[in-house]
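Please read them alongside the coordinates.

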2 protein chains.
Amino acid sequence: MLQGKILVAQGGGPTAVINQSMVGVVLDARRHETVTGVYGALHGVNGILNENFIDLSKESESNLERVGATPCSALGSTRDKPDVEYCRKIFNVLQAHQIGTFFYIGGNDSSDALRILAVEAAKANYPLRCIHIPKTIDNDLMVNDHTPGYPSAAKFVASAFAGIDQDNRALPGVYVGVVMGRHAGFLTAAAAGGRRHDDDGPHLIYLPERVFSMTSFLADVKRVNARLGRCVVAVSEGIHDANGTPIVTTLTKDVEKDAHGNIQLSGTGALADLLTASIKKNTDISRVRGDTFGYLQRSFLGCVSDVDQQEARDVGIRAVQFAASEDRDGSVTLNRVNTLAGDYGVEYRLDALDDIAGKTKIMSDDMIDASGTDITPAFMSYLTPLLGTNAPAAYRLQAPNVPKVLAG
Amino acid sequence: MLQGKILVAQGGGPTAVINQSMVGVVLDARRHETVTGVYGALHGVNGILNENFIDLSKESESNLERVGATPCSALGSTRDKPDVEYCRKIFNVLQAHQIGTFFYIGGNDSSDALRILAVEAAKANYPLRCIHIPKTIDNDLMVNDHTPGYPSAAKFVASAFAGIDQDNRALPGVYVGVVMGRHAGFLTAAAAGGRRHDDDGPHLIYLPERVFSMTSFLADVKRVNARLGRCVVAVSEGIHDANGTPIVTTLTKDVEKDAHGNIQLSGTGALADLLTASIKKNTDISRVRGDTFGYLQRSFLGCVSDVDQQEARDVGIRAVQFAASEDRDGSVTLNRVNTLAGDYGVEYRLDALDDIAGKTKIMSDDMIDASGTDITPAFMSYLTPLLGTNAPAAYRLQAPNVPKVLAG
C-alpha cells in the first residue's frame, strides 16, 4: 500500500540503463492517487542525510524519457554505507518530509544499505517501506537470473572484443584487455559474446572464479600464439592468486580502499601493464599491447542492449506495483522463464532483502570450461538473449587465395 | 585508364570504416570491362612482397557489404616501409601477376610507402599506377579537410566522454582519459563533441599542438575541481614538454619503436597512471581515476558515423573513377564544400602524392582556445557535421529542488 510521498535514489556504480529504472518508478508512482509526492534524493542515502531532494512530480514526461535513455545515475550516486547513527538522521529527514516508501536502485552494497535501513526502521518503529531495485554491471546479485545494467555492459565488452579481434587479426600480436568485475566473471566472460569462427578471439579468458597463475598464463599465451600467430586475452580485474590476493596488488603497494573496504581495481592501467610486461619479458613475442576498458564499460553513450533497457524500465515499474499491492519490504528480482514459443522471457518477483543484500553471486561451474580459460556453450546460451537485437557481428572476406606465380 | 588487374591493400592502423573504402574499390573496379582481375594483397605491401593475394572477383556482393560494415582492415595490415630493394621485389611480383593499378588505403606512412613505390616504379620504367586512398583516425593528412576513419573514432571519443561526464557527475572526482593521436590533437579535441551545458566535461583538454607543463596541469585541475567539485580531463597520448619529449617517456625508460621510428604510445596505461598519480600526490583530491581508451577507439564494433561510412565508401569508388579517367598517380582527397542549402558537403579530388605523403597536418590555431586547454567554437563547427546522425547527447533532470524542512 503506497501512502505519503515516495522517494527514489540511486547507489553504487552507474550503468547504461539505471535511469530507466528511476524513470519507471517515477512515471508509475505518479499514476497512484494515494501518492502525495515523488521525490528524488541526490547522491543516494547521502542525499537523504543532507536533505537534498528534487521534486520529480515536476519533471516532464518527455524529459524523463530522454534522461531514461541517458547512461549513468541522473540523481547522482554514493558509496556511503549507513550505520545506526546515520539511519537515525535519515529517519528524521524522512519523517520531516513525510516519505512512506523508499525505492533504492543499486547493487550489493546499496541493497545492504537498504537492509540496514529497514532493520533500523523496524527497531525504531519508524514506518518506512524499503524496496530494492536491482542494478549492477557485475551481474552478481543472488536470486536474480541477471541484473539490469549487465546486458548493456556485456554488449559493450562483446562489441569491444569483436572489434579488437579484427584489429589483432589485421596487425597480429598479443592483446590483453582488462574488464571490470571484482569477484564475479560474468562481464569478462561476455568478451566471448561476439565470437563467430573457431579462431576468433578472445582466445583466453581469465575469470576471478579461478585461481590465476602467471606461469600457466604465460604458457597459455605462448601456446595460442604459436598456433595462430596472435592471441587476444580477456582478463578480469579481479584475478587473484591461491591466497585470494589480487594480482594487481603484486605490483602496487599503495592500494586505495573505498568505504566498503574494497581495493581500487578500476581507474588504473596497472594490471594490463603488469601482464603485458610479463609477456614481453618472458617470451620472444614482439608486439604486445594491453588496454584497461575502465569506466567506458558502464557509461559509454550509445551501446545499450534493448532487452536490458526494457527490463530496467520494468523493474522500476514493478517495484512500485509491488509496493502498492504488498505490505512488505523486499528486493525486485529477475527470473528467467521460457515463453510458450520456447524462447527467452523474464518474470519479476519481490524477494526478501536478506536473500540479496551484501551477498555475491559468482559464475556457476557449468559456465566455465574445464581448462579454466574459456567459457562453455551453457554460458553462451545464458548470454546471447541478453545482448538483444543488433548484437555485435564481425564478418570476414571469403575470397580464395590466388595461386603463387613466383614462389612455390 | 584502367588496364590489367587492379590490386587493393590496406596499411597502417585499422579504422571503423576502412573496409568501406576497400569494398568501394572492389565493387567499382568490377564494373570496368578493361579490368581483367581484382586482387587483394594480405597485410599491405608485405602481402605483395610475399605474393599473398586473394581473388576479390570471387567475393559475393552481399558478403562484401557485410565486411564493409565491419571495422578494421579485412585484408590485414602492415607497418612495413618499402626501400629500393623491397620495391624491386614488389615490381617482380606485380609483373608476374599483371597488376596495372595499385590502390593503397592508408595514412601518412602508407601514402609515403606508395610515394616511394611510385618513384621507384618510374625509375625502373615499370608501368604501375599508384592511387592512395586516405584513412586515419588521427585526421592528420595534408590537403584533406578530414580523413575517413576520423569521424567514427571522433564519435567514439565524444560518446565515451559524454558518458564519462555523466559517470563523474554521479560519483564526483577527477577523471583523466587518454586519447590516441601522436602529433595531431583532432581526436582528443573530439572529446568535446558531446558537451551540451556549460559545466559539461571534458573541462580540460590537452593537445599535442601545445607544450604540456605538469605545473600548469595540476593548477588547472585544482581550479576546475574547486569550482565544480569534479573535473574531467581529456589528454592526448602525444603530449610533450618544451623539447618535444613525450610526457610518457618521463616514466618509462624502455620505449618501443616501430619500423617508422615512432615511440609506442598506445597499448599501455602508463600516461594516465602517471597523471593520476601526480594529481594524488600533489593535491588533496581523494577520488582520482584514469583510463586509456586504447584500441577501442579505432576498432569498436557498433560506433560508426554514418557520414564517415558514406565518405569512406565514396573515396574508394572515386579512386577507381580517377584511375579510369586520368593517367596519373595521386591521392584522393576530401574537400569540404557548402551545399546550395548552406550545409555540409564534400567533393573529391586527385592530388599529387607528394603533397600528402609523409607529411602531418595538425590542428590550426583557430581551433584551439587561447587557454590552450580547450577547443573553440570554430572546431565545433568543423566537427559537428562529421559525427553524423545519432550524435551523442546526454540529458539531465530539470526538476526543482525541494525546500529543506530541517536544515536552513
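1. Helix 8 (residues 214-228) of chain B lies across strand 6, strand 7 and strand 8 of chain B. Its direction is at about 160° to strand 7 of chain B. Axes here are lines fitted to C-alpha atoms, for helices over the stretch in contact, and angles run from 0 to 180 degrees between N-to-C directions. Contact means heavy atoms within 4.5 Å. Helices (H or I, at least four residues) and strands (E, at least two) are DSSP runs, numbered from the N terminus.

2. On conventions: this is a predicted model, in which local features need pLDDT of at least 70 and side-chain atom pairs count only at pLDDT 80 or more, while totals for chains, interfaces and linings use all residues. Residues are numbered from 1 along each chain as its sequence is written, chains are lettered from A and ligands numbered from 1 in the order in which they are written, and side-chain values use heavy atoms, with hydrogens and water left out.

3. Helix 9 (residues 270-282) of chain B lies across strand 6, strand 8 and strand 9 of chain B. Relative to strand 9 of chain B, helix 9 runs at about 170°.

4. The sheet in question is open, has four strands in the order 7-8-6-9 (chain B), and is paired in parallel. Two strands pair if DSSP finds at least two bridges between them. Strand 7 (204-206) and strand 9 (288-292) of chain B are the edge strands, each with a single partner strand, so one side of each has no neighbour in the sheet. From one strand to the next, the twist averages 15°. Within the sheet, strand 6 (residues 174-179) and strand 8 (residues 231-236) of chain B run parallel and are joined by six bridges. B:Gly177 is opposite B:Ala234 in strand 8 of chain B.

5. Which strands of chain B does strand 10 pair with, and in which sense? Strand 10 (residues 330-338) of chain B is joined to strand 5 (residues 129-134) of chain B by two bridges, in parallel. B:Ile131 has B:Gly330 in strand 10 of chain B as its bridge partner. With strand 11 (residues 344-351) of chain B, strand 10 runs antiparallel over eight bridges; B:Val337 is opposite B:Gly345 in strand 11 of chain B. Strands 10 and 11 of chain B form a hairpin with five residues between them. In the turn, B:Gly342 has a positive phi of about 90°.

6. Helix 1 (residues 18-29) and helix 3 (residues 61-68) of chain B pack at an angle of about 155°, with axes 8 Å apart. That angle makes helix 1 of chain B roughly antiparallel to helix 3 of chain B; angles under 35 degrees count as roughly parallel, over 145 as roughly antiparallel, 65 to 115 as roughly perpendicular and the rest as oblique. On the helix 1 side of chain B, the contact involves B:Asn19, B:Gln20, B:Met22, B:Val23, B:Val26 and B:Leu27. On the helix 3 side of chain B, they meet B:Glu61, B:Leu64, B:Glu65, B:Val67 and B:Gly68. These residues divide into six nonpolar, three polar and two charged. Ala, Val, Leu, Ile, Met, Phe, Trp, Tyr, Cys and Pro count as nonpolar, Asp, Glu, Lys and Arg as charged, and the others, Gly among them, as polar.

7. In chain A, is strand 4 (residues 99-106) mostly covered or mostly exposed? Eight of the eight residues of strand 4 of chain A are buried. Buried means under 20% relative accessible area, exposed over 50%, and partly exposed in between (1.4 Å probe, protein chains only). Strand 4 of chain A pairs in the parallel sense with strand 1 (residues 4-10) of chain A over six bridges, and with strand 5 (residues 129-134) of chain A over six bridges, also parallel. A:Phe103 in strand 4 is the bridge partner of A:Val8; in strand 5 of chain A, the partner of A:Phe103 is A:Ile131. The chain goes from strand 4 through helix 5 (residues 108-123) to strand 5 of chain A in a right-handed β-α-β crossover. Right-handed means that, with the strands pointing away from the viewer, the path from the first strand over the helix to the second runs clockwise.

8. A:Ser111 lies in helix 5 of chain A and is buried, at 0% relative accessible area. Not counting residues up to four places away in sequence, A:Ser111 touches A:His132, A:Leu353, A:Ile356, A:Ala357 and A:Gly358.

9. A:Asp355 is in helix 12 (residues 353-356) of chain A and is partly exposed, with a relative accessible area of 38%. A:Asp355 touches A:Met142 and A:Val143, not counting residues up to four places away in sequence. The C-alpha atoms of A:Asp355 and A:Leu141 are separated by 9.4 Å, at 214 residues apart along the chain.
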